[in-house]
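Open the model in your viewer and keep the selection tool at hand. This tour goes stop by stop.

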Amino acid sequence: MLPRSGIKLQRLKSNSPTPNHQLKFSPTHLVEHPQTHRSPLQELYFCDDLLKICLQECKKIQSRQLLDRMPHRHSASLKTAKAIHARALRFGISKDGKLGNSILDLYAKCGHTDYAEKVFSHLQRRDELAWNSILSMNSRKGLFEDVLEKFASMWGCGVVGNQFTFAIVLSACAKFSMDAELGKQVHCAVIKTGLESDAYCEGALIDMYAKCGHLLFAKRIFDGAVDPDTVSWTAIISGFAQAGSTTKAIEIFEQMQNVGLVPDTVVFVTVLSACVGQGRLEEARHLFTQMPNPNVVAWNVMISGHAKAGYVGEAIELFKNMVKADVGPTRSTLGSILSAIAAVANLRYGSQVHSWAVKRGLDSNVYAGSSLVNMYAKCRKIEAAKAVFDGLEEKNDVLWNALLGGYAQNGHAREVLELFSSMKISGFRPDKYTYTSVLSACACLGNKDTGRQLHSVIIKNEFGSNLYVQNSLLDMYAKCGSLIIARKLFERIGNRDNVSWNAMIVGYVQEEKEEEAFFMFRRMMSEMTSPDEVSLASILSAAAKMHDLCKGKQVHCYLVKYGLEKSLYAGSSLIDMYSKCGIVEAATLLFSHMPERSVVCVNALISGHAQLSLRGAACIFKNMLCDGVQPSEVTFATLLEACSDNIDLYFGRQIHCCIVKLGFTYNDEYLAVSLLGMYMTARRNSDASNLFSELPHRKSTIIWTVLISGNAQNGCGEQALVWYQEMRSHNAMPDQATFASVLKACSGLSSLEDGRKIHSLIFFIGYDKDELIGSALVDMYAKCGDMGSSSRVFSEMITKEDVISWNSMIVGYAKNGYAKNALEIFEEMKMANVGPDEVTFLGVLTACSHSGMVSEGREIYDSMIRVYWVPPRVDHCACMVDLFGRWGFLDEAEKFIDEMGVEPDSMIWATYLSSCRLHGDDLRGKRAAEKLIELEPQSSSPYVLLSNIHAASGNWDGVDLVRKKMTEKGVTKVPGRSKVSLDVVG
């Protein structure tokens with residue numbers, strides 16, 4: 001009958017070979033000990049004694065045991081079984097029907113397959129009890145196919161089986177294939193044997209059909225039962241619950257109570273699990289209160305269900321009540337409650353549970369250990385997590401992965417790589433979770449080389465097709481900037497999920513390729529993958545960076561559609577987008593409607609208000625403190641940046657005091673850099689130096705660079721060089737930003753000698769090919785007058801994609817009188833498809849002005865406006881006035897000023913006045929001087945220039961009049977100073 005189902009069932013023959021020699025005993029040779037001889041009556045008594053012991057041990061092992069204690073019980077029972085078996089073999093009674101069946105049953109219950117099969121094969125008569133023991137053992141071990149094969153062999157041997165046999169086989173049918181065809185064949189056998197009305201068979205049939213998804217058949221059998229027992233009720237309730245029909249399951253449960261049956265713990269736990277699985281926690285709590293004495297399984301279901309649903313407080317309260325009820329929690333309880341505590345990072349509760357576990361000896365196993373490691377890691381106590389790990393004698397893959405994941409989540413990327421090496425040395429094989437943590441560490445460090453090596457190992461170990469690992473590889477390559485490799489890997493993933501799409505979108509946003517990010521977002525939507533909070537928040541960041549309010553509003557609509565507008569992560573990104581697009585009112589309105597506010601969304605709002613006014617940002621900060629939200633380093637950095645922009649030193653110092661008061665240390669570079677930057681922007685170099693001296697002894701390159709850069713920007717080039725020398729004496733290695741800053745200081749001082757020394761170090765370190773440093777070197781040599789070296793550095797640059805390097809060359813040639821070279825570089829720049837900016841045109845117009853190329857200058861100015869859409873600044877206009885005026889086109893210069901469309905400032909009139917002086921035009925010069933004096937009444941320049949114009953034309957009365965006005969208005973001329981450098985330009 002059964003072979004029709006497609007399973008090839010082999011008959012078990014009585015003379016089948018078995019490995020006797022492996023088990024080191026043989027019933028054929030140890031029938032009777034030569035030195036012992038007992039009477040038949042003594043032998044009978046002895047056999048009865050062994051049988052009693054054996055049956056008692058079977059009862060012990062069959063009684064309910066906690067999962068933690070089962071291995072000890074099995075071990076003790078197995079020793080007893082071996083002792084009884086040895087005695088039975090010694091006296092030749094091991095084949096006895098009752099005793100042989102009992103020994104077989106005990107071995108089966110201990111799970112010792114080899115011994116059980118051995119005893120079974122040598123029984124004189126294999127009855128239903130013997131077959132049931134073998135079938136039950138295989139079923140408990142999950143060998144359901146073996147159960148079916150043994151059942152076929154049993155029938156082949158002429159043993160029909162009893163109700164227990166069919167119950168075991170029907171259970172195997174349900175678990176083996178989840179296909180009712182096999183179960184239907186067994187059902188036919190049940191009917192043939194007349195056992196269809198037996199309670200055991202009814203329950204097993206209901207359970208089989210329910211688990212195979214045939215609830216109609218299961219319900220029909222249940223309804224046809226005359227007096228269904230608790231097992232049948234449990235089976236039908238469990239069937240509907242597992243099928244997701246929780247309401248129907250609860251309805252049948254209530255029917256069971258109405259007919260007068262008292263549900264046992266199994267029924268309660270079944271319905272509880274169904275309610276919890278469907279998220280119906282209120283009904284689960286109501287049902288739980290009806291249980292007379294909830295056992296540990298019921299408590300575990302409730303605690304685990306609330307923890308997974310995010311009701312951490314309720315889960316912790318349930319655990320407390322469980323302890324009060326004197327129900328001994330298991331390691332499963334411990335795992336669930338620690339997971340709940342880890343979710344809210346409540347270190348106090350976590351420490352208490354740890355202490356409780358230590359008292360009860362539950363902390364020593366690997367399962368509890370991994371939960372403790374995870375809890376401490378989530379509470380950001382990675383040292384405590386490591387201590388738990390080190391204290392465990394037994395370690396497995398799960399424990400290693402918990403520790404690796406903890407270090408990765410806490411940003412200890414280097415330690416993750418070290419632990420990974422230790423794990424391999426200890427002989428543990430990495431799995432998908434291991435690779436996920438290690439790849440995350442590589443992404444954090446930007447260590448693409450190690451990531452690529454791991455990629456090779458992953459392919460070798462056949463983890464390359466695992467989606468978790470593929471997503472981690474994708475994230476690693478994207479965060480390391482290798483977007484081309486990441487994209488290729490992405491296209492090969494067949495079953496992409498949200499994590500795959502998010503990795504690509506986030507990668508493009510971080511690399512400032514916002515258009516590509518939007519393309520991937522649109523493609524994700526077109527492929528019917530609904531965006532989640534991460535993808536929407538990331539694409540909002542792209543819109544914010546682009547200052548594209550239109551796209552940002554479209555994404556806002558998606559947030560409303562998916563109900564994520566007020567979520568913490570996406571809501572913060574939405575506030576940030578509106579803030580960066582200048583719509584601070586909308587950002588403030590969104591913030592006011594957020595049910596939960598984190599420091600992230602407050603920081604976004606502070607940043608938005610800081611762009612408009614420091615007062616508004618300060619008010620948000622004040623409200624933040626009143627609401628009990630703890631500021632972060634980003635909060636203070638944003639406020640300090642606003643102070644720098646507004647040069648509000650008083651408020652900046654208040655923020656500095658607040659940082660000290662709240663206990664933030666200077667070990668955080670982010671804060672230290674922001675404070676130094678604020679003092680430097682306020683030109684408080686001495687305060688910045690004092691703060692620098694308070695920082696930890698070993699200062700990073702970033703800290704040194706802020707100090708050097710600040711001095712260079714404040715015109716304190718000599719001090720910047722002093723700080724640079726001190727940095728080198730502390731063996732701190734400069735980076736690109738450091739070299740760019742110190743070269744700027746050399747440029748300001750026209751210190752060619754220092755510049756050349758720094759150039760040598762740049763070449764030695766290997767930064768000479770860097771585009772940023774190349775631009776700084778070009779600028780430094782140009783400002784020091786060494787255009788030969790400047791041109792040589794420019795020609796040796798490998799990449800010239802940035803407009804800055806081209807500008808440095810053009811401006812350098814222009815200011816040093818090489819107008820023709822400047823225009824040639826400008827033409828090369830256009831051929832290289834590098835778009836010119838305001839500085840480019842300023843340099844080119846300066847070159848035209850110095851070389852008298854009036855018509856070329858006019859054409860370039862027109863193309864700047866009409867072709868390149870660069871709006872003219874005041875210095876561009878002053879350059880054009882200088883171009884016309886310097887070469888005698890004073891009428892055109894005056895016309896240009898009158899047609900500017902905006903009121904000319906002092907720079908325009910000073911330039912025009914210099915041209916009038918150059919060409920001795922008293923009338924125009926007088927007008928320009930009067931305009932300039934109106935704009936800058938205390939400046940001596942217009943008076944001196946006008947006086948020189950009068951003197952050049954012989955108008956000495958005019959000279960005296962100008963000097964008289966200077967005296968009346970109290971205007972004094974500051975004496976000029978010159979600096980002579982002995983540097984030889986090679």
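**Stop 1: two neighbouring helices.** Select Cys877, Met880, Val881, Phe884 and Gly885 in α50, then Leu890, Glu892, Ala893, Phe896 and Ile897 in α51; these two sets meet. Contact here means heavy atoms within 4.5 Å. By class, this contact has eight nonpolar, one polar and one charged residues. Ala, Val, Leu, Ile, Met, Phe, Trp, Tyr, Cys and Pro count as nonpolar, Asp, Glu, Lys and Arg as charged, and the others, Gly among them, as polar.

Before moving on, note what you are looking at. This is a predicted model, in which local features need pLDDT of at least 70 and side-chain atom pairs count only at pLDDT 80 or more, while totals for chains, interfaces and linings use all residues. Residues are numbered from 1 along each chain as its sequence is written, and side-chain values use heavy atoms, with hydrogens and water left out. Helices (H or I, at least four residues) and strands (E, at least two) are DSSP runs, numbered from the N terminus.

Two packed helices are described by the angle between their axes and the distance between the axes. For α50 and α51, the angle is about 160° and the axes are 7 Å apart. That makes α50 roughly antiparallel to α51. Axes are lines fitted to C-alpha atoms, for helices over the stretch in contact, and angles run from 0 to 180 degrees between N-to-C directions. Angles under 35 degrees count as roughly parallel, over 145 as roughly antiparallel, 65 to 115 as roughly perpendicular and the rest as oblique. The crossing of α50 and α51 is left-handed. That term applies if the near helix is turned anticlockwise from the far one by less than a right angle; clockwise gives right-handed.

Stop 2: Select α48, residues 838-851, together with α49. They pack at an angle of about 165°, with their axes 9 Å apart. So α48 is roughly antiparallel to α49. The crossing of α48 and α49 is left-handed. Show the side chains: α48 brings Phe841, Val844, Leu845 and Cys848, and α49 brings Glu856, Gly857, Ile860, Tyr861, Ser863 and Met864. The contact of α48 with α49 divides into seven nonpolar, two polar and one charged residues.

**Stop 3: Tyr861.** Stay in helix α49, where Tyr861 is found. Is Tyr861 buried or exposed? Tyr861 counts as buried, at 9% relative accessibility. Buried means under 20% relative accessible area, exposed over 50%, partly exposed in between (1.4 Å probe, protein chains only). Leaving aside neighbours within four places in sequence, Tyr861 is in contact with Leu845, Pro872, His876, Cys877, Met880 and Phe896.

**Stop 4: charged pairs.** Side chains of opposite charge can pair when their charged atoms come close. The structure holds 28 salt bridges. Each is a side-chain nitrogen of Lys or Arg within 4 Å of a carboxyl oxygen of Asp or Glu.

Select Glu892 and Arg858, whose side chains meet in a salt bridge (2.5 Å, N to O). Glu892 lies in α51 (residues 890-898) and Arg858 in α49 (residues 854-866), so the pair ties together parts 34 residues apart in sequence. Glu892 is partly exposed at 30% relative accessibility. Arg858 is also partly exposed, with a relative accessible area of 30%.

Next, select Arg496 and Glu527. Their closest N and O atoms are 3.4 Å apart in a salt bridge. Arg496 lies in the loop between α27 (483-492) and α28 (498-510), and Glu527 in the loop between α29 (514-526) and α30 (533-546), so parts 31 residues apart in sequence are tied together. Glu527 is partly exposed, at 37% relative accessibility.

Then pick Glu515 and Lys551, a salt bridge with the closest N and O atoms 3.5 Å apart. Glu515 is in helix α29 and Lys551 in helix α31 (residues 549-561), so this pair links parts 36 residues apart in sequence. Glu515 is partly exposed at 46%, whereas Lys551 is buried at 18%.

**Stop 5: Ser741.** Finish in helix α42 (residues 736-749), the place of Ser741. Ser741 is buried, with a relative accessible area of 10%.
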